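Please open the model in your viewer and keep the selection tool at hand. The stops below say what to select and what is there.

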Amino acid sequence: MPLSTLNPLAVGLRAPDFALRDQNGVEVTLSGLTAEKNVVIVFYPFAFSGICTGELDEIRDHLERFVSDDLQVVCISSDPVFSQRAWADQQGYFFPLLSDFWPHGEVAQAYGVLNERTGAPVRGTFLVGRDGLVKWSLINGPGDRRDFSDLPAEVAALP
């Protein structure tokens, strides 16, 4: 599926709220997170896959860029909670991995990053401010590893 067929959520629009379970079965809502912090939402296609592991390893290894007193990262895929738990335990991911398993891909679809052909999200990254608006986004297709290098400057520019 070419990226041109997707309709990712644009900067300046309200980010759709969601309620998803993390790898420990705890419900996480976007509105609950943005009540206290800015949020980085990282959609990824599949747990245990090569590029996704590399990207989440980068988050784990540089967690201070993604989690602070004013910032929280959450990573979302259509994998079930149990797969995400096994992957998080294996890789040492101590940040929320959220399951968009059922209704399958509903949140990824709301953000315009669901690849209908594979049933998995593409690599969509959204910075959501405490006001609930998308402040920055980055969309990468299958096989295209994302570059988080612009994120710190975008976070620093937040009010």
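A residue is called buried when its relative accessible area is under 20%, exposed when over 50%, and partly exposed in between, with a 1.4 Å probe and protein chains only. This is a predicted model, in which local features need pLDDT of at least 70 and side-chain atom pairs count only at pLDDT 80 or more, while totals for chains, interfaces and linings use all residues. Residues are numbered from 1 along each chain as its sequence is written, and side-chain values use heavy atoms, with hydrogens and water left out.

Select Thr53 in helix α2, which covers residues 50-61; helices (H or I, at least four residues) and strands (E, at least two) are DSSP runs, numbered from the N terminus. Thr53 counts as buried because its relative accessibility is 16%. Leaving aside residues up to four places away in sequence, Thr53 touches Phe48, Trp87, Gln91 and Tyr93, where contact means heavy atoms within 4.5 Å.

Next, select Glu55 and Arg146, whose side chains meet in a salt bridge at 3.0 Å, N to O. Glu55 lies in helix α2 and Arg146 in the loop between β9 (134-140) and α5 (151-156), so this pair ties together parts that are 91 residues apart in sequence. Both Glu55 and Arg146 are buried. A salt bridge here is a side-chain nitrogen of Lys or Arg within 4 Å of a carboxyl oxygen of Asp or Glu, and the structure holds eight of them.

Then move to Arg60 and Asp61, which form a salt bridge with their closest N and O atoms 2.8 Å apart. Arg60 counts as partly exposed at 27% relative accessibility, and Asp61 counts as partly exposed at 47%.
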